[in-house]
Each structure stands twice: as C-alpha cells, then as structure tokens.
Amino acid sequence: MKNILVIGSTGQIGSELTTELRRTYGGDHVVAGYIPGAEPKGELAAGGPSAIADVTSGEQLAEVVKKYQIDAIYNLAALLSVVAEQKPRLAWKIGIDGLWNVLEVARENKCAVFTPSSIGSFGPSTPHELTPQDTVQRPKTIYGVSKVTTELLSDYYYLKYGVDTRSVRFPGLISYVTPPGGGTTDYAVDIFYAAVRGEKFICPIAKGTRMDMMYMPDGLRAAIELMEANPDKLIHRNGFNVTAMSFPPEKIYAEIRKWKPDFKMEYQVDPLKQAIAESWPDSLDDSAAREEWGWRPNFGIGAMTRDMLEKLTEKLG
Ligand code: AKB
C-alpha cells in the first residue's frame with residue numbers, strides 16, 4: 001500500500017482530502033502534515049499519523065518523507081488570491097520557494113507530487129468563455145503568477161528529473177467542512193452560512209460575474225483520480241482544467257431561495273475581489289481532463305445547493 005503525505009492537512013482542501021485518502025489507502029498510510037499553530041484535531045488527529053511538514057524547510061520535509069517512506073505528496077500549502085495580494089512575498093515564499101523544496105525532496109526520494117493550480121492562473125487576456133486547456137496565461141495577481149510558475153516548475157521537474165508531477169486547475173471549491181480563507185470565490189461558501197443562520201448576505205462580487213465552481217466531493221475525487229490515472233494516457237500534467245458548474249451571484253442566490261424563500265442578499269462590491277473575479281474565466285473547457293483520465297463531476301448547482309444546505313444545517317444545529 002502506498003504511503004502519502006498531505007502538506008496543509010488542516011486547510012480547506014487538506015482537512016477533507018486527508019480523511020478521504022485515509023478511507024482509500026488506510027489511516028496508517030496517510031500522514032497529516034501541518035505547521036505549528038494549525039495542528040490536526042478530532043477525527044483528523046485520531047485517524048492516522050501526523051507530523052510537522054513546513055514547506056519552507058526542505059530538511060524537515062525530507063525527514064518526514066524518509067520516516068514514513070512516503071510515495072506520494074499532496075502539496076496544498078498556499079495563500080489564496082485575496083490574501084496573497086496583501087502579502088505577495090509570503091505568497092511566493094510558501095507557494096514557490098516551498099514548492100521547490102517539495103520537488104527536491106520528491107526527486108531525492110522518488111515521490112509523486114500533486115500541487116493544485118487554479119482558475120487564478122488565467123488573466124484578463126485569456127479567452128473567458130470555455131477557456132481552453134492550452135491558452136494564454138498572463139495573470140495580473142501574485143496568486144496567478146505563482147500558480148503559472150507552479151505549473152511550469154512542476155512540468156520542469158517531470159521533464160528534467162522524471163518526478164511524477166500532476167495537477168488540476170481548481171475552480172472555487174464549495175464545502176461545509178472547513179471554511180476557505182482569503183479567496184475570491186469564498187462568497188460562494190459564505191452565502192450558505194448566511195442562509196442557514198437566517199442572516200442577510202452581503203455579496204462582495206457584482207451581479208453577472210460568472211466564475212467556475214465545484215462541490216468539494218468532486219474536488220477530492222479530481223485530485224485522487226488524477227494521481228491514480230494511467231501515466232501513458234496523460235498528454236498534459238500540470239495542470240488540467242476541471243469544472244463542475246459556472247454561475248454569477250444571482251444564480252446561486254436564486255438556487256438557495258428555492259429552499260429558503262425568505263433569504264435576502266444585497267450587493268456591496270469589494271473592488272479587489274471584483275477585479276480579480278473579472279480577470280478569471282467565465283467558464284472552463286475541461287475536455288482534456290475528460291479525455292485523458294476520465295474526469296466527470298457528480299454535482300451540478302442544484303444537487304450541490306441541496307446537499308450544502310442539508311449538511312450545513314446539521315453542522316450548525
Ligand atoms: C481563490 O478564490 O483564491 C481560490 C481559487 C479559485 O483558486 N478559491
């Protein structure tokens with residue numbers, strides 16, 4: 001059985017991905033990597049081993065990889081788009097200097113590496129409708145610059161050293177488990193918390209602004225299925241367009257109101273978030289992922305909304 005290290009196991013994706021990987025590969029085979037101050041708790045702490053795995057220290061990563069005889073690393077350490085604009089140096093240090101350390105450790109220890117890219121790797125000059133797999137990537141945010149670099153550096157390590165690097169360009173991920181922090185697509189999660197708490201939602205993104213989104217169970221499956229895909233079938237590697245739905249704020253609001261007719265939303269547009277959102281695709285073409293490794297989402301906007309409302313209502317009591 002494969003041994004896996006999840007770096008960033010207590011974050012929005014990591015907390016659910018670690019649990020899902022443990023279900024598939026067994027608890028003892030999946031190490032929850034964390035940084036001090038963000039220790040795993042509850043099920044995450046009890047379900048298997050955990051270890052400090054800070055991407056800014058190559059030596060420390062190497063120790064963990066050797067100790068647990070790691071075969072595959074899911075590297076989820078990154079700042080999201082809005083917070084990265086406020087701390088560009090830190091975003092680079094974690095996203096790129098950190099990735100360098102991960103790739104070096106992977107090269108020395110023959111590990112496969114998954115590092116997510118994002119719709120943030122595209123920019124204003126990218127075609128916005130059905131954004132192709134291979135197209136212009138000239139983002140104007142540090143998040144985008146670091147995601148394009150992530151894709152290129154990961155490709156480089158594959159081509160030069162044969163490191164098995166793979167990634168997807170995640171859209172906004174919607175989940176009821178761990179809230180995201182500092183992203184442009186966070187509103188699509190926050191709106192559900194407001195609806196379930198019976199509060200009015202103040203929307204930071206303008207009416208008509210479409211972005212790609214995905215329900216977390218599909219996001220987890222995308223990462224795991226790509227890492228399990230037959231390498232002979234992969235023409236691309238870093239990273240694949242994947243999507244499940246694309247909507248503007250008024251569409252998700254209307255969808256929630258089917259279940260909560262009294263729910264209210266008002267717009268107070270945040271200029272930074274809006275500028276980032278407008279520079280991203282309106283909808284992705286994910287046919288390369290479908291053709292090369294059989295990607296298919298299970299949740300559209302209706303099924304996702306229903307499940308989110310149900311699960312969040314249980315969670316918030
Ligand atoms: C963000 O909004 O920053 C992220 C992303 C789409 O990469 N959720």
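Author: Let's start with a rule: two strands pair if DSSP finds at least two bridges between them, a strand being a DSSP run of E with at least two residues. This is a predicted model, where local features need pLDDT of at least 70, side-chain atom pairs count only at pLDDT 80 or more, and totals for chains, interfaces and linings use all residues. Residues are numbered from 1 along each chain as its sequence is written, and side-chain values use heavy atoms, leaving out hydrogens and water.

Reader: What makes E11 and E13 a pair?

Author: Three bridges join strand E11 (residues 211–215) to E13, and the rule asks for at least two, so they pair. The two run antiparallel. In E13, Ser246 is the bridge partner of Asp212.

Reader: Why are E9 and E13 called edge strands?

Author: The open sheet has the order E9-E11-E13, with mixed pairing. Strand E9 (172–174) and strand E13 (245–247) each pair on one side only. Helix H7 (residues 187–197) lies across E9, E11 and E13.

Reader: How do you know which residues Met304 is in contact with?

Author: Contact means heavy atoms within 4.5 Å. Leaving aside neighbours within four places in sequence, Met304 meets that cut-off with Ile174, Phe192, Tyr215, Met245, Phe247, Ile252 and Phe299.

Reader: Where does the largest nonpolar core lie, and why?

Author: Of its 95 residues, those touching the most other members include Phe192, Phe247 and Met304. H7 gives the largest share, nine residues. Domain 1 (4–171 + 216–241) and domain 2 (172–213 + 244–316) both contribute residues, so the core lies between them; those bounds come from an automatic or database domain assignment. "Core" here means buried (under 20% relative accessible area, 1.4 Å probe, protein chains only) Ala, Val, Leu, Ile, Met, Phe, Trp, Tyr and Cys residues joined through side-chain atoms within 4.5 Å.

Terms used. Helices (H or I, at least four residues) and strands (E, at least two) are DSSP runs, numbered from the N terminus. Axes are lines fitted to C-alpha atoms, for helices over the stretch in contact, and angles run from 0 to 180 degrees between N-to-C directions. Buried means under 20% relative accessible area, exposed over 50%, partly exposed in between (1.4 Å probe, protein chains only).
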